[in-house]
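Hi everyone, thanks for coming.

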Amino acid sequence: MFISFEGIDGSGKTTQAKLLKVNLEKLGFNVILTKEPGGTELGSYIRKILLNVEMDPVSEFLLFASDRKTHVKEVIKPFLSKGFTVISDRFHDSSVAYQGYGRGVPLDFIYYVHNFILEGIIPNITVLVDIDENLSFERIKDADRIERLGIDFLRNVRKGYLKIAKNEDRFFVIDGSKTVEELEEIILNKVLEKLK
Ligand code: TYD
């Protein structure tokens, strides 16, 4: 089982990904929690560049894609073959939403590259923690380069996410303004339902 968490910055997805790991482990599952950008050694270098250096949107996408390629090959695929449940804090939908809908990289180019690098690995469930872009903006402290792109950017990213979610069954969209405990329970129930 491969589960990804998505959402705009400040949505609380990282907290929920961690809680889901703990909850599934309590039930006896072997779980690994990983993230993008930066789930591998190469990824941790790429992450530093991405969050600090100004660049055009296509270069940005290609760096996220390099990170993703290594992540799939070195972490996600091997753990799935060992029978682990893999939870990734962000995956390919982040590029469609941020670089595609947010920064204008052509979507067909993004899909084309993903086709090459994902090796058929697509999440079984994608939890989209949806929050209003104004709330996101309020919650962001010490913004990195991408978060500094501003509120109109975040609005486009959010719209992008909601559009992708409409077209694909694997998405589970939840209202990120609920409490941490409420979200935790809703997500766990949904995942267990899917596991049956
Ligand atoms: P993230 O690690 O989720 O942020 P944080 O450091 O706050 O936990 O992601 C870092 C930034 O990278 C975030 O603004 C989203 C962005 N991002 C993209 O633009 N495209 C992508 O494909 C990915 C994976 C992340």
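Let's start with Pro37, which sits in the loop between strand 2 (31-35) and helix 2. Helices here are DSSP runs of H or I with at least four residues, strands are runs of E with at least two, and both are numbered from the N terminus. The peptide bond from Glu36 to Pro37 is cis, with omega near -5 degrees. In general, most peptide bonds are trans, and most residues other than glycine have a negative phi. Arg90 has a positive phi, near 80 degrees, and it lies in the loop between strand 3 (85-89) and helix 4.

A quick word on the source: this is a predicted model, where local features need pLDDT of at least 70 and side-chain atom pairs count only at pLDDT 80 or more, while totals for chains, interfaces and linings use all residues. Residues are numbered from 1 along each chain as its sequence is written, and side-chain values use heavy atoms, leaving out hydrogens and water.

Now, which residues are closest to the ligand? Arg90 is back, together with Arg47, Arg68, Ser95 and Gln99, in a shell of 15 residues; a shell residue has a heavy atom within 4 Å of the ligand. By type, the shell holds seven charged, five nonpolar and three polar residues. Here Asp, Glu, Lys and Arg count as charged, Ala, Val, Leu, Ile, Met, Phe, Trp, Tyr, Cys and Pro as nonpolar, and the others, Gly among them, as polar.

For polar contacts, meaning N or O pairs within 3.5 Å, Ser95 has a polar side-chain atom 2.7 Å from a ligand oxygen. Gln99 places a polar side-chain atom 2.7 Å from a ligand nitrogen. In Asp9, a side-chain N or O atom is 2.8 Å from an oxygen of the ligand. The protein covers 86% of the 560 Å² of accessible area that the ligand has on its own, by Shrake-Rupley with a 1.4 Å probe.

Which elements give two or more residues to the shell? They are helix 2 (41-52), helix 3 (57-81) and helix 4 (92-102), and helix 4 gives the largest share, four residues.

Finally, the record: an unreviewed UniProt entry places "binding site" at Gly7, Ile8, Asp9, Gly10, Ser11, Gly12, Lys13 and Thr14. Such annotations may be inferred rather than shown by experiment. Gly12 lies in the loop between strand 1 (2-6) and helix 1 (13-26).

Key:
Polar contact = N/O pair within 3.5 Å; in protein donor to acceptor, adjacent residues only side chain to side chain.
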